[in-house]
Amino acid sequence: MIMSPVPSIQARLRLAYDQFALDVDLNLPASGVTVLFGHSGSGKTTLLRCIAGLERPTQGFLKIGATLWQDSEHDFFLPTHRRNLAYVFQEANLFPHLSVRGNLDYAVRRLRTKDRLFSLEQAIELLAIGPLLARLPARLSGGERQRVAIARALAASPDVLLMDEPLAALDEQRKQDILPYLTGLHQNLQIPILYVTHSLQEVNQLADHLLVLAAGKVVACGPLAETLTRLDGPMALDRQAASVWQGKLVSHEAEYHLSHAEFAGGSLSLPYLDMPVGSPVRIRIYARDVSITLQPPEASSILNILPASVLALSAMGQGQTVVQLAVGEEVLLAHITQKSAMLLNVRPGMAVYVQIKGTSIVR
Amino acid sequence: MLNAADLDTLFLTFRVASLATLLLLLLGTPLAWKLARSRSRWKGVINSVVALPLVLPPTVLGFYLLVLMGPAGLVGKFTQWLGIGTLPFSFGGLVVASVLYSLPFVVQPLQNAFVAMGDAPLEAAATLGAGPLDRFFSVALPLAKPGFLTAGVLGFTHTVGEFGVVLMVGGNIPDKTRVVSVQIYNHVEALEYGQAHWLAGGLLIFSFLVLLLLYSSQQTQTLTQSLK
């Protein structure tokens with residue numbers, strides 16, 4: 001499964017426990033956020049721990065860029081502390097006996113590279129933890145702790161940043177506090193980020209690439225938009241299935257509380273966005289919010305109606321059909337009833353119109 | 001009042017207990033660390049051996065030590081070969097016996113402290129570039145500090161209080177192996193109850209104060225932890 005012409009993370013790992021076996025063969029891209037998605041027990045954390053060297057796969061070949069981290073055929077295993085990585089744990093895992101500053105210094109004193117990614121000051125500024133430096137971890141809130149953990153990881157100047165459900169232990173409000181820092185990270189960071197989550201929302205918000213795991217095996221892997229909408233993948237058949245479009249804000253229509261954005265699939269009216277024109281936007285369109293008509297509706301309360309052509313369709317059980325559509329250069333998913341599909345005689349190649357009932361801005 | 005001989009026994013006891021505690025911490029720390037981290041099937045055996053002095057009558061332990069360290073014993077032959085003679089009825093023998101006798105009182109608190117901290121902080125340290133030794137000194141030791149306090153105090157006080165083992169391997173030689181607990185016994189044998197009271201009462205107060213110190217420091221520990 002090749003995702004980019006110059007793969008930077010090559011991982012062939014095999015590990016078996018009593019009830020579980022991990023068996024993956026991956027080429028992951030050199031930059032951006034690759035989200036490792038799956039239900040609990042799918043092996044996503046185990047995979048991340050294998051990459052970190054915290055677990056030792058029985059068979060493994062792991063290469064990050066030009067650096068070999070494991071080659072079990074030649075009995076080579078680089079221990080965790082010699083791998084230039086950083087790991088953000090689910091529970092921030094700060095050293096309780098050191099202040100915030102002490103925790104950051106711990107990383108800086110053990111730098112494994114001469115190429116600093118960030119100065120300590122930049123990391124502190126990026127995560128806005130300046131006022132916390134003198135405190136002990138016990139005196140921080142959950143969200144603050146996680147921000148310090150991320151700053152500590154950045155201060156280590158890793159070649160790859162591993163994040164294991166960094167938001168899972170936080171309540172909804174704290175999650176929303178941290179997410180902007182994560183998306184900011186994404187724009188400021190040249191190194192690849194491997195991000196484990198079981199939250200679809202985090203997938204939509206953060207991922208550039210998506211790797212879906214089930215029972216220790218890769219079931220889908222590729223660029224986000226493509227992987228979400230592949231009918232042979234697990235994402236399109238999910239009730240929460242959605243397409244993610246990346247575009248640019250082009251105008252505001254303040255009197256109707258609307259903003260307009262341009263996508264490769266066409267232009268859409270969105271709920272008003274308090275951002276300057278030209279800002280990048282990322283939206284999520286749930287498949288269940290998309291309906292199909294054969295004629296352009298003459299009068300409809302729905303604002304977003306775009307011409308499309310059917311690429312493929314597949315029955316998803318319980319009277320539902322998932323339709324994959326080409327809208328301009330974007331791909332869009334629609335969940336319609338099997339009966340509608342039959343009545344409209346939806347088939348590949350057909351020209352239709354899609355009505356998009358709702359969109360949400362994820363970023 | 002305490003006489004000169006009593007003071008000598010107090011001083012000797014203090015020397016034995018200090019040296020034994022120092023050795024116990026030096027030997028007990030790596031042992032406790034190994035036991036806390038290991039998943040070997042030998043762990044149960046080692047744990048049982050370390051814990052034996054908790055349940056064994058001190059005279060039994062003393063008897064075997066006497067035999068082992070005596071001129072015909074394995075250890076005795078070895079020490080004679082080294083040219084340092086045999087250990088029983090000497091200060092060195094007393095220290096060796098004390099170390100074995102008090103081993104569980106030092107190893108168990110340390111082992112518990114190492115287990116309680118879990119893998120998480122050590123894994124975090126490893127991902128930040130800390131090697132095994134670095135992890136031990138920069139993370140494990142500071143986090144196990146309360147365990148070290150407990151281990152040190154228990155090791156010291158328990159060594160001060162030993163009697164059976166001392167009598168078996170140390171005898172009752174003034175200035176060499178006569179420690180406080182034996183001196184109290186001597187006083188009672190000689191019906192010098194007044195002298196016995198001074199020493200016994202002194203030990204009682206000493207033990208109480210040490211425990212008070214330990215528990216009040218751990219109280220503050222749990223107090224700070226409950227703030228988290």
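## Chain B: an all-helix chain

Chain B has 11 helices and 0 strands. Helices here are DSSP runs of H or I with at least four residues, strands are runs of E with at least two, and both are numbered from the N terminus. From the N terminus on, the elements of chain B read α-α-α-α-α-α-α-α-α-α-α. The C-alpha trace of chain B spans about 65 × 45 × 30 Å along its principal axes.

This is a predicted model, in which local features need pLDDT of at least 70, side-chain atom pairs count only at pLDDT 80 or more, and totals for chains, interfaces and linings use all residues. Residues are numbered from 1 along each chain as its sequence is written, while chains are lettered from A and ligands numbered from 1 in the order in which they are written.

## Confidence

The model scores ipTM 0.86 and pTM 0.86. pLDDT is the predictor's confidence in each residue, from 0 to 100. Its mean over chain B is 90, and 95% of the residues of chain B reach 70 or more. Among the elements of chain B, helix α6 (residues 120-127) has the highest mean pLDDT, 97. Helix α11 (residues 193-226) of chain B has the lowest, 78.

Over residues 222-228 of chain B, pLDDT stays under 50. The model has 2 contacts beyond four places in sequence for that stretch. Two residues are in contact if their C-beta atoms, placed from the backbone, lie within 7 Å. Where pLDDT is low, the predicted coordinates should not be read in detail.

## Packing in chain B

Of the 228 residues in chain B, 38% are buried. Buried means 20 or more other C-beta atoms within 10 Å of the residue's own, exposed means 12 or fewer, and partly exposed lies in between; C-beta atoms are placed from the backbone. Among contacts in chain B with a separation of 6 or more, 71% join residues 24 or more positions apart.

Helix α10 (residues 180-189) of chain B has these buried residues: B:V180, B:V182, B:Q183, B:I184 and B:H187. Just after α10(B), B:L191 takes a positive phi of about 60°. B:L133 lies in helix α7 (residues 132-143) of chain B. B:L133 counts as exposed because it has 8 C-beta neighbours inside 10 Å.

## The annotated span

UniProt places "domain: ABC transmembrane type-1" at residues 10-216 of chain B, from an unreviewed entry. UniProt positions follow the numbering used here, feature names are shortened, and annotations may be inferred rather than shown by experiment. The span is 80% helix and 0% strand, and its end C-alpha atoms lie 26 Å apart.

## Where chain A meets chain B

17 residues of chain A are in contact with 15 residues of chain B. On the chain A side, β7 (85-88) and α2 (100-108) are the elements that give two or more residues. β7(A) gives the most, with 3 residues.

What lies on each side of β7(A)? A:L85 and A:Y87 point one way, A:A86 and A:V88 the other way, and all are buried. β7(A) pairs in the parallel sense with strand β8 (residues 160-164) of chain A over 4 bridges. Two strands pair if DSSP finds at least two bridges between them. The bridge partner of A:L85 in β8(A) is A:V160.
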